[in-house]
Amino acid sequence: MPVKTHQGLWGLPVQQWRRLTQVGFFLLFVFAPIFDLFRLDLNLKHFIIFGMDWTLGLNDFVAGKDTAGQAAKAIFLHAILPLILVGAAVIYVAWKWGRIYCGWLCPHFSIVETINQTLRRAIGKQSLWDKETLPMRNPDGSEIKPDTIWWFGVIPLVIICAITWATVLLTYLLPPAEVYGNLRHGTLTRNQSVFLIAGSIAFFVEFMFARHLFCRYACALGLFQSLAWMANDKAMVIGFKRERAKDCSTCYSACDHVCPMRLNPRNVKRLMFACVQCGQCTDACTQTQSDNPQGNLLEWVNQAHAESEAALNGSTARIIQIKLEKNNSIPINNAKNNGNRDIQNP
Ligand code: SF4
Ligand code: SF4
């Protein structure tokens, strides 16, 4: 019997949609500078957007033709207003749907997940900092048996990702034809070589040891999305049907094990600051509860349901957690540490 999963638009499983959007955005990230869709050209000292030069419009002021007022207006129209509009759009989306950009588009998070899954094959953990090894079984019943041979996959993967990121970032700063041309002919300038070597080393360390930490605390885009999301009690959130918590006793805490941000998805919103709305926990629950006529216990909720999740505070959450554990013998992973799990697993 096929294992149930969440279906999205046109009957395609939600996780497949997510993979498609992630691959699509990663390609956009790599090719945007090449096709002049978006880049900052340090040689020209201005942005290029959709093939057009995006300057501050101060040429006439520099030539003495415009007044200071006209120059201020140009700066507002060419720099401040676009920044406000883009910022407002990002904040609005996050306010309503949380860190959906992170979970569905971000090219950094795609790499986080790819490394997580490959590392799990090597050591049975999604992060080097996880204390416990994950169960071999997956929510769909398949198994992944850790094998150290996979280190030969992990290390080259992290190296390739690090070099790719450093190279792509350089093409956001210098003409891509120059960067790729110099790479091909081995004629990189000293500064370009320094940037690529230092960037690759920095990304290697970050991807290997601190990729979750970066998503949680170091990425400004992620942080502002989380803050906007937290400010809206009615925002979309993963809700847990606590009244049916005893059903979890038939499960192996599948939701905890699949979370790529190493959160406990049954926690209340206040303890889920870094949730990226990937939906893997709801999918895992749907699969492990596929024989349960009442269905899954984890589901995205909005409005009033979301408000009740947001209303629970840390101590209420901990009391609920302890009760769940006591009454139902639920295998809730790291139940005592749920409140500070974020801090423990970079
Ligand atoms: S809690 Fe669920 S939706 Fe949020 S990051 Fe973890 S698995 Fe994804
Ligand atoms: S909510 Fe309960 S039943 Fe659903 S995946 Fe998590 S532990 Fe299993």
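Hi everyone. Buried residues make up 30% of the 346 residues in this chain. Please keep in mind that what we are looking at is a predicted model. The chain has 15 helices and five strands.

The UniProt record, an unreviewed entry, puts the feature "transmembrane region" at residues 20-38, 75-95, 149-174 and 194-214. How much helix do we find in two of these spans? Residues 149-174 are 81% helix and 0% strand, and their end C-alpha atoms lie 39 Å apart. Residues 194-214 are 95% helix and 0% strand, with 23 Å between the end C-alpha atoms.

While we are here, look for F152, which sits in helix 6, residues 151-171. Is F152 buried or exposed? F152 counts as exposed, because it has 10 C-beta neighbours inside 10 Å, and the cut-off for exposed is 12 or fewer. F152 is also 30 residues away from A122 in sequence, yet their C-alpha atoms are 8.8 Å apart in space.

Three of them form an open sheet in the order 1-2-3, with antiparallel pairing. Strand 1 and strand 3, residues 52-54, stand at the edges with a single partner strand each, so one side of each has no neighbour in the sheet. From one strand to the next, the twist averages 30 degrees. As a reminder for anyone new to this, strands of a sheet pair through backbone hydrogen bonds, either parallel or antiparallel.

Let's zoom in on the first pair. Strand 1 covers residues 38-41 and strand 2 covers residues 46-49, and they pair in the antiparallel sense over four bridges. You can follow the pairing by eye: F38 has I49 as its bridge partner, and D41 has H46.

The hairpin of strand 1 and strand 2 has four residues between the strands. K45 lies in that loop. K45 is not a glycine, and still it has a positive phi of about 65 degrees. K45 counts as exposed, because it has 9 C-beta neighbours inside 10 Å.

Strand 4, residues 237-240, pairs with strand 5, residues 298-301, in the antiparallel sense over four bridges. In this pair, V237 has V301 as its bridge partner. What covers the two faces of strand 4? V237 and G239 are buried on one side, and I238 and F240 are buried on the other, so both faces are covered. Here is the rule to remember: in a regular strand the side chains alternate between the two faces of the sheet.

Next, the ligands. Ligand 1 is surrounded by 14 residues, and the closest are C259, P265, C275, C278 and C281. That shell has eleven nonpolar, three polar and no charged residues.

Ligand 2 has 13 residues around it, the closest being C248, C251, A254, C255 and C285. Its shell has eight nonpolar, three polar and two charged residues. Which helices supply at least two residues each to the shell around ligand 2? They are helix 11, residues 254-258, and helix 12, residues 280-288. Helix 12 gives the most, with three residues.

One last stop is R262, in the loop between helix 11 and helix 12. R262 has a positive phi of about 55 degrees, and R262 is not a glycine. Is R262 buried or exposed? R262 is buried, because 23 other C-beta atoms lie within 10 Å, and the cut-off for buried is 20 or more.

Terms used
Residues numbered from 1 in each chain as written. Chains lettered and ligands numbered in written order. Predicted model: local features only at pLDDT ≥ 70, side-chain atom pairs only at ≥ 80, totals over all residues. Near = placed C-beta within 6 Å. Nonpolar A, V, L, I, M, F, W, Y, C, P; charged D, E, K, R; others polar. UniProt positions renumbered as here; feature names shortened; annotations may be inferred. Pairing = 2+ DSSP bridges. Axes fitted to C-alpha atoms, helices over the stretch in contact; angles between N-to-C directions.
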